[in-house]
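Dear colleague,

I am passing on a structure that I have been reading through, and I would be glad if you looked at it alongside my notes. Please open it first and keep it beside you as you read.

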Amino acid sequence: MLSSLSLFLALALTSATASLAVAGKANDTLVAAFPREIRTLDGNYANLRENDMLGLLTDDALFAVDADSGRAVPLAAKAHEFRDKTTLVVDLRDDVLFHDGSKMTAEDVAYTYNWLLDPRSKNNYLDRFERWLASAEAEGPSRVVFRMKEPYAMALYDLAMYSKVRKKGVHHDAAKPGGVDPDAQTLQLNGTGPYRVVSFRPGQQVVLQRFDRYRNAGPKGAPPIRNITIRIIPDMNTQAAEVMSGGVNWTFEIPTEIAEGAAQSGQAQLVSGPSMRTFYISLDAAGKVQKDGPLTKLKVRQALNHALDREGIVKNLLKGAAQVLHTPCVPVQFGCDEAMAQKYPYDPDKAKALLAEEGYANGFDLDLWAARDKAIVEAIASQWRAVGIRANVRLVKGPTLSEARRVNQIPAEFASSGSFGVPDAGAILPDRLGPGSARNYSGDDKLGQMIMRAVSTYDEAERKSAFDEAVKRTTEQAYWVPLYTESQDFLMTKDLSYSQASDGMARLFLVRWK
Amino acid sequence: MLRFAYRRLLLACAVTLTLSVITFVLLYSATDPAAAIAGEDATHERVAQIRRELGLDRPLVVQYLDWLRGVLGGNLGQSWYWRQPVSHLILSHAPVTILLSFMAIAVTIVIALPLGIVAALRPNSMVDRFAVSFAVAAQAVPTFWLGLVFIVVFALQLRWFPVSGDATLAHFVMPAVVLGLVSVPAVMRLTRTGLLDVLSSDYIRTARAKGVRPGRLIRRHALRNALLPVVSVLAVQLGNKLGGSVVTESVFAINGLGRLALESILAADLPTVQMLVFVFALIFLVLNFLSDLVNAWLDPRIRIA
């Protein structure tokens, strides 16, 4: 009995002592804390921001979003050109290596994108690529030709942000059902990025080491830190305590009050930076929920805009860690010109007058759906109630919200979009207000055409003009109540140097020891 | 004794089967995992396609029988969210939870039993009042708060223990104490009450009259009977810790079964949640079965009843 117990305890201890990362400059080991679990190493099968950040370390896509200019620049690619409006030709660098030492070829790239287009792959970005990409073909050892279904201005961004190149054949395994293995890279990854995976415990920890044969050229440059360990710590207070104790060097998305408290102790530093996350309320102008309901009336939607004190919400509830938005995108994005937007200053009297003009002097019932930020949503509902709109908050879990959206039950939704860190209005407007989007409650075909015109031409002036029209129309018609864009707080040990790029994407390969 | 064990085992199997039916029906009727898997902006067609691919469009009875056949054949299914076999997930997360739970129950025993015994031997004394007050305080304090206080005091101020994680045995000390303290009130009170009852019984008076020394009287005669309900409660407490240490695991960033359950529930990963509920229920059944056996060994009257 006793020996069995000892054996059991020994097994438990063996598992518990799998690896111990010692954070610090002396060991050239950066320990970063993420709040949400990494459950796969394969970025083609995850859409969490944490996986985006990990993917930037372990994989080099064909293109990268440049931290300074915000443009899509070649990464594993050397150059590109549009042979015609629907044919994108990409020449590859000849010094890109997989972590197993083999060279990345055009065959690998073509295999990757044809796999991503294969319904059997069940990858997270199938719908996105299916929308515009027909196929990819290798044309010689270092040239790939992308055949597109239609002209698509966001193609380079999509190649940069939503796909990781995989070795040819890696997802095909005759021993697996149907001869394919979508999970081939879930637990062990053969990537092309500056860091290779040493070990991975799903939901717990990823240990990375600098890939010694990385070319040290291009937008990512030479990785300055040798080892990076990513630990999953769900509790933000625990994250802060770890930074103060030196057990963790770097955290992100930490609530401002916790980060400020930790920084004031003198044991950590707080770095704030911009984020591209846009918060807004969409309104059922199309009458999907209630045909000819109050929200189908322009003046009612304008009243809802005037009734909100955005400055007050930012100042009092977000403690200033946000900027008020008047646009359906973030002004740092290409095509998001604030000058084009109609602004709705806080004016409850005007809101009441507009409601009365439309025959709603006594207000109306309105369900405001949300899946997060209860305090802010309650504040919004309270301000709407102050002008007579009987707002009722429906705080639900994400899947419930999605289902309600699918069956057209949501008259008003508190929502947000991070634009995948892409500094182009084309990363948010088609998804949220474009034709065919389940989130589009505008019912405005003309607006849809403007947005699609902006993403289906390569001419920058024409794109800008189309986006300007879309921003103007969205705000004039008050399809949304734009709210704010949040800042990001990074809490880190004092021996680190890091500055956040304007696109809001945290790039761990830019972290340096002082 | 064997017949007793056999009867209990049959009962445990029947309860297990019933439990599996109830959890399966409740889980699979309460949520639509296809919608969760499809993602926020998926179309009706995509959700329906996923439902078909996962076999969720079949009658619930067929799905249950399929699942049961798999479990009996050693196939616990594939996690939709973690993209791994459920058996692998449970086996990889169980060791840390088991270690944490046993350490926590050891903390409970070390604190609660002596405190309960001393309180019973000196009823209404200062020691007794202290023990009862301690129990009330331990019961009132939320674990997440206690966990954070421990982190501030023992990890940040005194630097005795690491803040979080499960890399070494030292990482388990604070969470084990936090988790162990939660069970102290129940076990301490039961020990105290049980011992007080036993100490006033006839056979103890007889033993005293025969001149049995106090220490021997407590150890050999009183405790053996007083501990009967305590064993059962300890089994339940251990079961609680094995299945319900979600908060402690989150605060101390321990990647055990509790966190696996929480994340799987949030992701509507039904194969994992179903199996975890089943495993947690099994743990309780096994522990209850074992505590019944221990009780029957301690008190032969139970075997005959």
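The notes below begin with how to read the model, then turn to a sheet, an interface and the salt bridges.

This is a predicted model, in which local features need pLDDT of at least 70 and side-chain atom pairs count only at pLDDT 80 or more, while totals for chains, interfaces and linings use all residues. Residues are numbered from 1 along each chain as its sequence is written, chains are lettered from A and ligands numbered from 1 in the order in which they are written, and side-chain values use heavy atoms, with hydrogens and water left out.

In chain A, four strands make an open sheet in the order S4-S5-S7-S6, with antiparallel pairing. Here helices (H or I, at least four residues) and strands (E, at least two) are DSSP runs numbered from the N terminus, and two strands pair if DSSP finds at least two bridges between them. Strand S4 (77-84) and strand S6 (133-138) of chain A each have a single partner strand, so one side of each is left without a neighbour in the sheet. From one strand to the next, the twist averages 20°; axes are lines fitted to C-alpha atoms, for helices over the stretch in contact, and angles run from 0 to 180 degrees between N-to-C directions. S6(A) is joined by five bridges to the antiparallel strand S7 (residues 143-148) of chain A, and Ser135(A) stands opposite Arg147(A) in S7(A). Helix H3 (residues 106-116) of chain A packs on this sheet, where it touches strand S5 (87-92), S6 and S7 of chain A, contact meaning heavy atoms within 4.5 Å.

Turning to the interface, 43 residues of chain B are in contact with 42 residues of chain A. The two chains bury about 3,700 Å² between them, 54% of it on carbon and sulfur atoms, where buried area is the accessible area (1.4 Å probe) that two parts lose on being put together, summed over both. Between chain B and chain A there are three salt bridges, each a side-chain nitrogen of Lys or Arg within 4 Å of a carboxyl oxygen of Asp or Glu. Asp166(B) forms a salt bridge with Arg201(A), with the closest N and O atoms 3.5 Å apart.

Over all chains, the whole structure holds 42 salt bridges. Within chain A, Asp52(A) and Arg49(A) meet in a salt bridge (3.8 Å, N to O), and both lie in helix H2 (residues 49-58) of chain A, three residues apart, about one turn of the helix.
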